[in-house]
Amino acid sequence: MSGEGLVSAAAAPEEQAFEAGLRPKNLDEFVGQRKVREQLSIMLEGARGRGRPPDHVLLSGPPGLGKTSLAMIIAEELGVPLRMTSGPAIERAGDLVAILTALTPGEVLFLDEIHRIARPAEELLYAAMEDFRVDVVLGKGPGATAIPLDLAPFTLVGATTRSGLLTGPLRDRFGFTGHMDFYDAAELALVLTRSARLLGVQLTEGGAVEVAGRSRGTPRIANRLLRRVRDYAEVRADGVVSREVARAALRIYDVDALGLDRLDRAVLDALVRRFGGGPVGLSTLAVSVGEEADTVEDVSEPFLLRAGLLIRTARGRVATPAAFTHLGLEPQSDQLGRSQAPAALFGEDPPAS
């Protein structure tokens, strides 16, 4: 995996087996998302007491924060099977009917990227979620006949990274909605400590803090960086992931102290050094770093915005004073925005003022 892929929140196909071994098995093992975890615990305990499936659950938030893990935990806590599919895989209403009619009583159906489900299937899902019933239409035209089919009571767990794309009728049919937030460094350090224990990695407290600070608030990225740092520690050090070893390893992989990779820094460098901090249009900025505009907008910009290094304006992209500081330059007095982003690169201390 390339350096840029290291800090991508999307899951690579080859990571599925690795992630499966690190997923928490119950709510007590799940780190972070305190409010969502507590609310789910109360709802699941109530459902167990009543002996009925809980309300349908919608989990929203950026990728890599644990939505799939929570779906698995819900099924585990209820002691029922879990069936997994995704919105893009359901292209026709018949695909959804086949899945729904095969569900056993109380089963949990996990539908990832639910906002991408086909519209005919979504409309069929309304009655399935409310009344546990689907209408199968046989024939076409005036002679078509609708045959109602009863479904076993089930719990739908929907996950989405784009909650704004969900239609109102679908969103309203979920009894519980949980929004997943980015993790802070302390929570990620706990995630890394647990993962290191499962992987048999010797990880010091300083090493955990160092990797956590470069993980963009995302457990998936933290675990990915841990694997690369482990490799470095085993090949070029004594096998122990200390703060110094983590810094040296991540310097090789072009992940700096703030979690920026090569493309992120190229975007900032072009914006600051070539265009004086902006404003500059997206297409011009993309050409200057040799990437497609969609790549810059979808891959680099979200984190640069969240880190307070870049601002979108009507006239184009503008670098904040924190972006100048992060690149070791003197901020320009007329730049927009303020940020508390760290000034250090690769774990080095910021220059004295």
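Me: Where does Asp-256 lie relative to helix 11 and helix 12?

Reply: This is a predicted model. In it, Asp-256 sits in the loop that runs between helix 11 (243-252) and helix 12 (262-274).

Me: Is Asp-256 buried or exposed?

Reply: The reading rests on relative accessible area, where buried means under 20%. Asp-256 has 0% relative accessibility, so Asp-256 counts as buried.

Me: Which backbone atom lies 2.9 Å from a polar atom of the Asp-256 side chain?

Reply: That atom is the backbone nitrogen of Leu-258.

Me: How many residues apart in sequence are Arg-251 and Asp-261, and what is the C-alpha to C-alpha separation in space?

Reply: They are ten residues apart in sequence, and their C-alpha atoms are 9.9 Å apart.

Me: Now the strands. How many bridges join strand 10 to strand 11, and how do the two run?

Reply: Two strands pair if at least two bridges are found between them. Strand 10 (residues 310-313) and strand 11 (residues 316-319) are joined by four bridges and run antiparallel. The two form a hairpin, with two residues between them.

Me: Which residue in strand 11 stands opposite Thr-313?

Reply: Gly-316 is the residue opposite Thr-313.

Me: What is the general idea about side chains in a strand?

Reply: In a regular strand, side chains alternate between the two faces of the sheet.

Me: Why does Arg-317 count as buried?

Reply: Arg-317 counts as buried because its relative accessibility is 11%, and the cut-off for buried is under 20%.

Me: Which side chain makes a polar contact with that of Arg-317?

Reply: The partner is Glu-301, and the polar contact between the two side chains is 2.5 Å. Beyond neighbours within four places in sequence, Arg-317 is also in contact with other residues, among them Leu-271, Pro-279, Val-280 and Glu-297.

Me: What does the chain look like as a whole?

Reply: The chain has 15 helices and eleven strands. Of its 353 residues, 48% count as buried. The accessible surface comes to about 16,900 Å², and 50% of that belongs to carbon and sulfur atoms.

Me: What share of contacts between residues at least 6 apart in sequence join residues at least 24 apart?

Reply: The share is 69% for this chain.

Definitions and conventions:
Residues are numbered from 1 along each chain as its sequence is written. This is a predicted model: local features need pLDDT of at least 70, side-chain atom pairs count only at pLDDT 80 or more; totals for chains, interfaces and linings use all residues. Side-chain values use heavy atoms; hydrogens and water are left out. Buried means under 20% relative accessible area, exposed over 50%, partly exposed in between (1.4 Å probe, protein chains only). A polar contact is a pair of N or O atoms within 3.5 Å; within protein, one must be able to donate a hydrogen and the other to accept it, and residues adjacent in sequence count only if both atoms are side-chain atoms. Contact means heavy atoms within 4.5 Å. Accessible areas come from the Shrake-Rupley method with a 1.4 Å probe; for residues, only the protein chains shown count as cover.
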